[in-house]
Amino acid sequence: MKAEEIVECALQARDFGYGTVVLQAGEDYGLAREWVADVVRRIRGATNLAVTLSLGERPLEDLRTWKKAGADRYLLRFETSDRELYGKIHPSLPNRKQDRMEILKELFQLGYEVGSGVMIGIPGQTYASLAADIDIFHTMDLDMIGVGPYIPHPHTSLGRSKGGRPFDQVPNTEQMTYKVVALCRLVRPDANIPSTTALATLNKTEGRELGLRRGANVVMPNLTPPQYRVCYEIYPDKACLNETADSCNECLASRILAIGRTIGKGPGSRTKGA
């Protein structure tokens, strides 16, 4: 997407009454530091939206520059606290050591509101390691906790893997994801917890609604134009792939109201220590 198109989507978010916009991409170092900073500045100059970035592992100077440009939040899932398992699913790039826990600490020090989370049912994930992840949520002062099911993509090495599973492998099921959402809410009653698109992919009829009923309090409408959404198919049969931003906004609003919930206003910042 061009910078102008991204800013136009942010203006649409403003017009819909949203309080924040998330700029998300893969770990793409083609997204230059100053280019991202310029997009952030343009959005902040044209709207009152809180700007959230989700751009993967980036150098400290990138994160510092984007915060100065006006970014408010950064989302970076640590995926699993099991370092051996993390190394298998996310091998390091040449000459680049990865430590997402350290990056999360840097984000806090820079003054970002910080979100993180894990995938449920990664091949090799045990109940003990998932319990350790939830314990980290309990102790880390995260503003947002994102948990969703691992949905394999057949065109990835992990999706094609036929390796063995431990006897206590966590299932990547809809039901298991709801359980983890509920546990996250119990250990962190003050955090923002989204009911994810991945849940809606597993259960297109009421996945998001069931997530909201089991502890989540956030949904994330997609503003990306449809011609670009099809290029970001991170798992097969992703929900809402061909919807416009208008139809997505109307659909989610009606779904929220249908379960007796009220749509919130403002940027959605949590009250620290609440």
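Reply: Let us begin with L23, which is buried, at a relative accessible area of 14%. Buried means under 20% relative accessible area, exposed means over 50%, and partly exposed lies in between, with a 1.4 Å probe and protein chains only. This is a predicted model, in which local features need pLDDT of at least 70 and side-chain atom pairs count only at pLDDT 80 or more, while totals for chains, interfaces and linings use all residues. Residues are numbered from 1 along each chain as its sequence is written, and side-chain values use heavy atoms, with hydrogens and water left out.

Me: In which element does L23 lie, and which residues does L23 contact?

Reply: L23 belongs to strand β1. Helices (H or I, at least four residues) and strands (E, at least two) are DSSP runs, numbered from the N terminus. Contact means heavy atoms within 4.5 Å. Neighbours within four places in sequence aside, L23 is in contact with I6, V39, V40, I43, V51, T52, L53, S54 and L55. For L23 and S54, 31 residues apart along the chain, the C-alpha separation is 6.1 Å.

Me: Is V21 buried or exposed, and where is V21 found?

Reply: V21 is found in strand β1, residues 20–24, and is buried, with a relative accessible area of 5%. In sequence, V21 and M220 are 199 residues apart, yet their C-alpha atoms are 9.1 Å apart in space.

Me: Is R100 buried or exposed, and which residues does R100 touch?

Reply: R100, in helix α5 (residues 100–110), counts as buried at 9% relative accessibility. Beyond residues up to four places away in sequence, R100 touches E27, E57, L76, R77, F78, E79, Y86 and H90. Between R100 and E79, 21 residues apart along the chain, the C-alpha separation is 9.1 Å.

Me: Where does E79 lie, and what is the phi of E79?

Reply: E79 lies in the loop between β3 (73–75) and α4 (83–89). Its phi is near 70 degrees, a positive value in a residue other than glycine. At 15% relative accessibility, E79 also counts as buried.

Me: What, finally, can be said of the whole chain?

Reply: The protein chain has 12 helices and 5 strands. Its radius of gyration is 18 Å, close to the 19 Å that the globule rule gives for 274 residues, so the chain is as compact as a globular protein of that length. That radius is taken over C-alpha atoms, and the rule is 2.2 Å times the number of residues to the power 0.38. Buried residues make up 46% of the 274 residues.
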